[in-house]
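This report describes a protein with a ligand and considers what surrounds that ligand. Please look at the sequence and the structure before reading on.

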Amino acid sequence: MEPGIETGAVATTIDDRHGGDDRHGGDVSDEAFRAGVRDFIAERAPRFRMPEGVRVPAGTDEEQAIRAWLRGLYEAGYLGAGWPAEWGGNPHHRPTRDLILMEELFRARAYRPLDQVMLASHAILTFGSDAQKRAYLPRIRSGEHVWCQLFSEPGAGSDLASLRTRAEPDGAGYVVTGQKVWCTDGQWADQGMLLARTDPTVDRHAGLTAFVVPMGSPGITVRPIREMTGHAEFCEVFLDELRLDPEAVLGEVGGGWKVISSGLASERAFVGANAVQLEMMYDDLVALARHARLADGSPLLGREDVQVTLAGVLARVEAARLVVADTVRRVMRDEEHPSDGAVAKLVYTELNVELCERALELLAAASWVDDEGREVERRWYEAFLWSRALTISGGASEILRGIVGRQLLGLPRA
Ligand SMILES: Cc1cc2nc3c(=O)[nH]c(=O)nc-3n(C[C@H](O)[C@H](O)[C@H](O)COP(=O)(O)OP(=O)(O)OC[C@H]3O[C@@H](n4cnc5c(N)ncnc54)[C@H](O)[C@@H]3O)c2cc1C
């Protein structure tokens, strides 16, 4: 843990964008809240465009702009509103407001809050000591601290509990040795949430502990991985005799599995915003069919087979929207089924892949794309290259199907 950090709890900065100081509470209608979010995004969101799937800033200017944007979202009370009031949350907050925020961020194609930071906040609020809360929560709100997750390893992904990175007690604290991989944002994160094995002699889940790791510590080497998109969103992280204080433990020693499982389940309300993205992708597919031309200059949209394809896709998008809306309704009422998250993610990510494939088929059938269609064409190439990652991160499709089979359909474990 970083020494000497003592900034205390922060209060939410309230402005009167929504005509009062209770914008997340009962006094402001959802419509007024949504309008306020739209205005805020139009005024304050970073102006630069990032390719689909890219979250890592290209340089210092972009990084500063992203940190300032995240700070602005917290200061305005849009992010962190669900936190306890003593840490800057709004006691009148309703989860539907999180959903509206995410929908509008998607619609505006604005930079979205980093999952890793939101998961870290949740873990610190739930499991952190008072000292950890004082040290880290204000710095998340100020955009000073970006977090990453050090969970996966070359030999441990879906079966994360088989991880081999060791954190061995040495009297003064822990000495950590191992290798992590696929660490999103590792190259610019300030803090990492690490999962490591502290006790190899007990049940493999019970032997794991979560730690807070300052990413600049001696013993950490971060190596970005270049992907087929041409960008580097992930990193390998080598931990070579990294020394951690006992205060770096997040939660209980041996309680790491609980810490990371709770964090991963905390963002379910945001799943609903994915339906908006699918609708936007459908619109993009129609736009592509309009601007992609046959050799005689006519748009692909005029072809009957293309219209049939679009109609089929629209039906699936609508079905996905209903599934997701149903999930969101249950989540908001705290009535969700354990497999709801798996169903919603499967529906969203697999349809995302399918939409990308249909787009590339349209491009293959076209002779050229007119000038007005250039931007949408570029978006499709980027989305296609990124779409497979969605079916792996946060639970690969095969794993999710297993969960649905067992928990929803009651099938026996294979
Ligand atoms: C966009 C993205 C961001 C990520 N960010 C992070 C991050 O920030 N930090 C981090 O620690 N990790 C991160 N990851 C890693 C991610 O958690 C792993 O990729 C994921 O858990 C899968 O693990 P794996 O890659 O080792 O694949 P494996 O687990 O080896 O799986 C390979 C294939 O086998 C299938 N498979 C595995 N087990 C079974 C089974 N029991 N039954 C049926 N099929 C099975 C899988 O579904 C998959 O298709 C990220 C991954 C992606 C794609």
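## The shell around the ligand

By class, the shell around the ligand holds 10 nonpolar, six polar and one charged residues. Here Ala, Val, Leu, Ile, Met, Phe, Trp, Tyr, Cys and Pro count as nonpolar, Asp, Glu, Lys and Arg as charged, and the others, Gly among them, as polar. The model is predicted, so local features need pLDDT of at least 70 and side-chain atom pairs count only at pLDDT 80 or more, while totals for chains, interfaces and linings use all residues. Residues are numbered from 1 along each chain as its sequence is written, and side-chain values use heavy atoms, with hydrogens and water left out.

In total, 17 residues surround the ligand, and the closest are S152, S158, W182, T184 and E398. A residue is near a molecule if one of its heavy atoms lies within 4 Å of it.

## Polar atoms at the ligand

An oxygen atom of the ligand is 2.6 Å from an N or O atom in the side chain of E398. A polar side-chain atom of T184 lies 2.7 Å from a nitrogen atom of the ligand, and a polar backbone atom of F151 is 3.0 Å from a ligand oxygen atom. Of the 970 Å² of accessible area that the ligand has on its own, the protein covers 62%; such areas come from the Shrake-Rupley method with a 1.4 Å probe.

## Domains and helices

The domain assignment, which is automatic or from a database, gives domain 1 (30-113), domain 2 (148-256) and domain 3 (268-408). Why does the ligand lie between domain 2 and domain 3? Both domains give residues to the shell, so the ligand lies between them. Taken over C-alpha atoms, the centres of domain 2 and domain 3 are 33 Å apart.

Helix 10 (374-390) and helix 11 (397-408) each supply at least two residues of the shell. Helices (H or I, at least four residues) and strands (E, at least two) are DSSP runs, numbered from the N terminus.

Helix 7 (residues 273-291) is mostly covered, with 16 of its 19 residues buried, that is, under 20% relative accessible area with a 1.4 Å probe and protein chains only. Q277, in helix 7, counts as buried because its relative accessibility is 11%.

Most residues other than glycine have a negative phi. W182, however, has a positive phi near 60 degrees and lies in the loop between strand 3 (174-180) and strand 4 (191-197). E241 has a positive phi near 55 degrees and is found in strand 7 (residues 234-244).

Technical notes
A polar contact is a pair of N or O atoms within 3.5 Å; within protein, one must be able to donate a hydrogen and the other to accept it, and residues adjacent in sequence count only if both atoms are side-chain atoms. Buried means under 20% relative accessible area, exposed over 50%, partly exposed in between (1.4 Å probe, protein chains only).
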